[in-house]
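The structure comes first, and the notes follow by topic.

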Amino acid sequence: MKFFWYAEAIRKNPIPYHNAFFETYGDTFSVRLGKNKYLLLSRDKDFAQYILQKNQKNYNKSKIQTQFLSKYLGNGLLTANGAYWLKQRRLIQPAFHKEKMEQLVALMNTTIVSELDSLASDAPLDVFSKMNQLAFNVVATSLFHVSPSDTSSEEKQERELQLNRLQTIIQKVQEFLVKEVRLPHKGWWFRLSGQVDAHKKLSEESRTILGNFIEERRNDTVEHGDLLDLLLATRYEDTGEPMSTKQLIDEITILFVAGHETTANALTFTTFLLAKHPEICQKVFEEVCRVESQTTNVVERLKLLEYTRACIDEAMRLYPPAWITDRENIEDDTITNFHIKKDTLVGVSFYEIHRNPKYWDQPDVFDPTRFLGDNKKKTAGCYFPFGAGPRMCIGMGFAIYEMLLATSYLVKKYTLSTAQDSITLHPLITLKPVDVKVIFSERNDIS
C-alpha cells in the first residue's frame with residue numbers, strides 16, 4: 001500500500017521527488033523501468049546540451065510525445081521525428097522569422113489591450129484563467145484575423161462560437177492526454193470504457209473546424225496579414241508545392257496546443273512575481289513609461305524593454321513552462337560514466353537545471369539582473385526556457401513579443417498585489433500554476 005501511495009504522489013507532482021533524487025544520487029541518475037527498460041534523468045547542463053544539440057541526431061522525441069500526442073494532435077512539428085520533421089521545420093521556419101513576427105505585433109497588441117483593459121477589481125482574480133483566455137485569443141487572432149469590415153455580424157458570431165468550441169476541445173483533449181501518459185497501466189480501461197474513442201472524436205471535430213477555416217481562406221482573395229496567410233504561402237523546396245490541408249491542420253493544432261498554454265503559464269508566473277516584488281514591478285513601470293516617451297513605434301518599444309524582458313526571462317527560469325523534455329536514443333551511446341543502451345528513455349529537467357546551485361547563485365530568488373548586461377553570458381549555457389538545438393521552440397519570437405506586450409500593458413495600467421507567498425504547481429505536459437490570485441488596481445500615477 002505504501003508503494004502505491006508513493007507512486008501516486010509522484011504521478012501527481014513529480015517535481016519534489018525529482019529534486020530529492022537529484023540531491024541523493026547526483027545531477028544524473030538512472031532508474032530501471034521494468035525488465036530491460038531504463039530511465040535516465042538529468043539536471044546537468046552539459047548532459048542537456050549533448051542530448052539536445054551536440055548529438056541530437058541520435059536522440060528522437062520519445063514515444064510518450066510521438067505516439068500519445070500524435071493520436072490526438074496529428075503529425076506536426078511537436079510530434080514528428082526524423083526526415084519528415086526536418087522537412088516540415090525547414091518549410092515553416094521562414095514564417096516565424098523575426099521580420100514576419102513583427103508584422104503580427106499590431107494584431108497581438110489589439111487583442112491584448114481588449115483582453116486586459118477591464119481587470120480592475122478590489123478582489124483577487126484568478127490570473128491563469130485570464131492569461132489562458134488571452135493567450136488563446138492572441139493565437140486565434142494571429143492565425144485567423146478577420147477585420148469587422150470583412151464579415152457580417154452573424155458570420156463573426158459563428159466564427160467566435162467555433163473558436164470557443166475549439167478551445168474547449170483542446171482543453172479536454174489535453175487533460176485526457178495527461179491521464180494517459182501518467183496512468184499507462186489504465187490504458188486498457190480507457191480503451192474499454194470508450195474514453196479514447198470519445199477524445200479521438202473530439203479531436204476530429206477540432207480538425208473539422210480548422211479545416212473549414214483553412215478552406216475558407218484558400219477561397220479568399222483578400223490578404224489578411226496573419227499567420228495563416230504566411231503558412232499558406234510556404235512552398236516545399238523540392239516540389240514547389242504548398243502544404244496540404246491535412247498538414248496545415250496538424251501544424252495549426254500544435255500551434256494552438258503548444259503555443260497558448262505555455263505562454264499563459266509564463267504570463268501567470270511573471271504577473272505573480274511582479275505582484276510579489278513591488279520594487280521590481282516599479283522598475284518595470286518606470287521603464288515602460290520611459291520607453292513610451294521615446295517612440296510611438298510598438299516594435300521599437302519592445303526592443304527597448306530590456307528590464308521588462310529580464311523579468312520575463314527570470315520568471316521562466318524559476319518556472320519554465322516546458323519544464324521537462326524527453327528523448328529516446330536510436331543507437332547505443334556513452335555520456336561521461338553512463339552507457340546508454342538503445343531505446344533508453346532520457347529525461348532532461350529544465351526546472352531543475354534552472355535551479356541547480358552549481359549554475360545559479362541563490363537559485364530560488366527572483367532576480368531579473370541575472371539577464372542584464374554581462375550577467376547574460378553566465379546564463380547562456382544553462383537556460384532552456386524554449387528548449388535547445390534544432391528542436392528549439394519555433395514560436396519563441398512570437399511568445400516573447402506577446403509576453404512583452406502583455407506585461408508592459410499590465411504594469412502600465414495596474415498596480416499589482418498579492419497576499420500569496422508561493423505558487424502551487426501542477427506539472428502536466430506543461431508547468432501549470434494553480435489558483436494564483438492577484439489584485440489589479442487601476443493606476444492613478446500615469447502622467
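Is C393 buried, partly exposed or exposed? C393 is partly exposed, its relative accessible area being 37%. The model is predicted, and its mean pLDDT over the protein is 90.

**Confidence**
- A pLDDT of at least 70 is reached by 95% of the residues.
- Helix α16 (residues 306-318) has the highest mean pLDDT among the elements, at 98.
- Helix α1 (residues 2-12) has the lowest, with a mean of 53.
- Over residues 1-6 the pLDDT stays under 50, and for this stretch the model has three contacts beyond four places in sequence.

**Nonpolar core**
- The largest nonpolar core holds 128 residues, and L231 and F256 are the ones that touch the most other members.
- Helix α13 (residues 245-276) supplies the largest share of this core, with 15 residues.
- Beyond its neighbours within four places in sequence, L231 contacts I92, A95, L143, M243, L248, I252 and L255.
- In soluble globular proteins, nonpolar side chains tend to be buried together.

**Cysteines**
- With a cut-off of 2.5 Å between cysteine sulfur atoms, the disulfide count is zero.
- For C281, the nearest cysteine sulfur belongs to C311 and lies 8.3 Å away, so C281 is in no disulfide under the 2.5 Å cut-off.
- C281 counts as buried because its relative accessibility is 4%, which is under the 20% limit.
- C393 is likewise in no disulfide, the nearest cysteine sulfur being that of C382 at 20 Å.

Notes
Residues are numbered from 1 along each chain as its sequence is written. This is a predicted model: local features need pLDDT of at least 70, side-chain atom pairs count only at pLDDT 80 or more; totals for chains, interfaces and linings use all residues. Side-chain values use heavy atoms; hydrogens and water are left out. A nonpolar core is a set of buried Ala, Val, Leu, Ile, Met, Phe, Trp, Tyr and Cys residues joined through side-chain atoms within 4.5 Å. Buried means under 20% relative accessible area, exposed over 50%, partly exposed in between (1.4 Å probe, protein chains only). Helices (H or I, at least four residues) and strands (E, at least two) are DSSP runs, numbered from the N terminus. Contact means heavy atoms within 4.5 Å. pLDDT is the predictor's confidence in each residue, from 0 to 100.
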